[in-house]
Amino acid sequence: MKLVSVSIENFRCYKEKVIITFDDITTLIGRNDIGKSTILEALEIFFNNELIKIESNDANVYSGTKYVTITCEFTDLPAEIILDASSKTSLKNEYLLSNNDTFVITKQFDCSKASPSVEIFILAKHPTISGAENLLELKEKELQNIIKEKGLDASLKGNPEMRTAIWNSFDDLQLNEILIPISKPKEDSKRIWEQIDSYLPIYALFQSDRNSQDKDKEVQNPMKAAISAAILEVKDDIERIQRKVQEKAEEIAKNTHEALKEIDSNLASKLEPQFVMPTASKWSGLFSINMDTDDGISLNKRGSGVRRMILVSFFKAEAERRLKSGNKRSIIYALEEPETAQHPNNQKILIESFKSLAENDGCQVFLTTHSPGLASELPASSIRFITRSDLGLPTVESGVDVFERVSETLGLTPDSRVKVLICVEGPTDVKALKDLSKALNNEDPNIIDLSSDPRVAFCLMGGGTLVHWVNEYYLKTIGCKEFHLYDNDVSSYKDSIDKVNARDDGSFGTLTEKYEMESYLHPEAINDAFDVMIEVTDFPKEDKKGVPKLFAEKYSTKMKFDGVMKENTAKKYLSEKAFGYMTADRIRDRDSKGEIKSWLIKIEELTK
């Protein structure tokens with residue numbers, strides 16, 4: 001399941017209801033004490049209520065009510081729900097989807113108590129006509145009675161089939177979006193909730209201001225996420241163990257009862273064990289993980305910067321493991337201010353890791369940041385700008401119209417050495433240009449090396465939002481000339497290049513002559529990096545497969561992935577390794593016209 005939005009009402013600074021939408025990677029930006037961390041902590045309360053617990057003083061002090069409401073909306077839902085061995089159904093068949101065909105869960109916390117209580121609801125477009133509105137709460141016998149009363153097919157077996165038949169017997173179910181209480185569910189509503197609960201994403205919150213103590217939860221929490229994921233993978237084994245324990249317990253109870261009757265038959269005519277199966281969370285609580293680093297020093301005892309970098313490695317390893325295993329349960333990694341305690345170079349490594357992680361199926365990454373450098377590396381579509389209205393209420397905005405306000409808030413300006421902004425579509429283009437320029441510079445020092453020259457800085461234009469960066473000229477206040485380079489695979493980019501070249505500030509733009517940046521790779525560079533040989537052409541052939549798609553298919557087969565990696569992931573792989581194997585000779589072999597060298601010469605001219 002994928003989280004697409006959260007609605008928060010009466011929680012701390014969010015007096016009025018506010019809705020925040022989420023992508024694969026989502027970045028919350030705003031000034032201090034504006035409500036960024038509150039959003040991530042609201043999600044922690046919704047999913048876990050452990051690292052951050054709901055407290056009586058969490059209700060907004062000005063609202064006049066003590067009820068806090070947190071609502072999460074999900075897509076990518078399970079195709080079917082298994083209630084028992086013979087009963088299969090779906091959320092749609094049970095009328096448990098919203099008006100938007102999403103699955104929506106609302107948790108309402110009563111903060112008038114010292115220990116707040118919670119009620120859980122499903123917001124769904126559900127039958128409201130009398131006689132059809134509460135079928136999920138009815139027992140099998142009660143459903144059979146309705147079938148008999150209505151003269152329906154008496155041979156129907158299983159509660160889902162009987163409910164469907166009853167619902168179909170109405171001309172108008174009077175479907176309305178209502179809150180269906182499930183805090184104390186009955187019958188199949190209970191089993192449906194248990195099934196759905198096991199599909200909810202694992203939520204791991206990594207806070208920015210925790211003390212660096214042994215057993216610190218900011219380390220243990222993501223480790224617990226790994227344990228939970230591992231337990232899900234051995235679910236069948238656990239169920240087998242539980243059944244065996246139940247059988248043994250019932251056998252012992254039977255023997256005990258027989259012995260009791262021999263002592264005094266009047267003491268107990270009946271002795272039956274009520275076996276309660278432990279939930280997945282109970283199993284997770286049985287395990288813990290401690291991690292040692294060099295010289296036996298606990299990870300929790302290392303500096304916060306080192307600890308964060310090590311945990312990012314864990315995040316990446318876990319995502320790649322899930323990609324190969326096909327585990328259906330999703331994971332959300334929420335990180336507050338990942339730039340904390342990090343050198344600028346490490347900040348770049350972190351953000352690239354987060355973006356790579358978010359490209360994997362079933363993984364979402366939510367961030368907060370104050371760092372201009374980190375924010376400038378993020379996809380523009382990921383930004384959620386938090387500010388306050390004229391009435392002082394926090395609001396959350398997204399979209400291209402907030403770019404200028406975001407840059408003003410974070411102070412997005414380069415250092416004084418920067419003379420040229422190199423504007424490209426995404427991070428893979430940055431890595432490619434750096435490696436290509438370095439290869440040519442190694443042969444001819446007069447060629448600018450973009451990987452180390454302080455006179456240039458890269459700006460990611462965000463692909464789909466590129467036209468807005470160009471049209472609105474958001475970077476004009478920085479006072480640097482701009483060099484724009486875009487792939488030739490999108491026809492509308494030509495218009496953006498023309499607009500850049502029409503300026504009177506000395507900026508310059510061009511499209512690649514080949515289809516995309518990966519079209520300049522030499523097949524031997526790809527083979528050296530991944531032991532995979534593919535044909536590299538200037539433009540896709542009739543099958544419309546460019547270099548990234550061809551590589552994705554060949555590499556996924558070689559690595560025995562469950563399916564084929566996404567094209568964006570393939571681009572990431574190629575940028576991280578293959579461009580590093582490009583030499584001046586290989587560049588000339590793939591670029592006989594000297595196009596790449598001409599870009600670098602132009603950038604050098606703009607720095608003067």
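Helices (H or I, at least four residues) and strands (E, at least two) are DSSP runs, numbered from the N terminus. This is a predicted model, in which local features need pLDDT of at least 70 and side-chain atom pairs count only at pLDDT 80 or more, while totals for chains, interfaces and linings use all residues. Residues are numbered from 1 along each chain as its sequence is written, and side-chain values use heavy atoms, with hydrogens and water left out.

## The sheet and its helices

Strands β17 and β18 pair in the parallel sense over 4 bridges; two strands pair if DSSP finds at least two bridges between them. They belong to an open sheet of 4 strands in the order β16-β15-β17-β18, with parallel pairing. At the edges are β16 (456-460) and β18, each pairing on one side only. From one strand to the next, the twist averages 20 degrees.

Helix α14 lies across β17 and β18, running at about 160 degrees to β18. Helix α19 (residues 595-607) lies across β15 (420-424), β16, β17 and β18, and runs at about 165 degrees to β17. Here contact means heavy atoms within 4.5 Å. Axes are lines fitted to C-alpha atoms, for helices over the stretch in contact, and angles run from 0 to 180 degrees between N-to-C directions.

## Salt bridges

A salt bridge is a side-chain nitrogen of Lys or Arg within 4 Å of a carboxyl oxygen of Asp or Glu. By this rule the count comes to 27 salt bridges. Three of them are set out here.

| glutamate 482 | arginine 503 | 2.9 Å |

Aspartate 538 is partly exposed, at 33% relative accessible area, whereas lysine 514, at 9%, counts as buried.

Lysine 572 and glutamate 576 both sit in helix α17 (residues 567-576), 4 residues apart, about one turn of the helix. Lysine 572 counts as buried at 8% relative accessibility, and glutamate 576 is partly exposed at 36%. Elsewhere, salt bridges that share partners join Asp453, Arg455, Glu604 and Lys608 into one network.

## A pair of helices

Helix α2 (residues 140-150) and helix α3 (residues 159-168) have axes that come within 10 Å and cross at roughly 35 degrees. On the α2 side, the contact includes Leu143, Ile146 and Ile147, and on the α3 side it includes Met162, Ala165 and Ile166.

How values were computed: Buried < 20%, exposed > 50% of the residue type's maximum accessible area, 1.4 Å probe, protein only.
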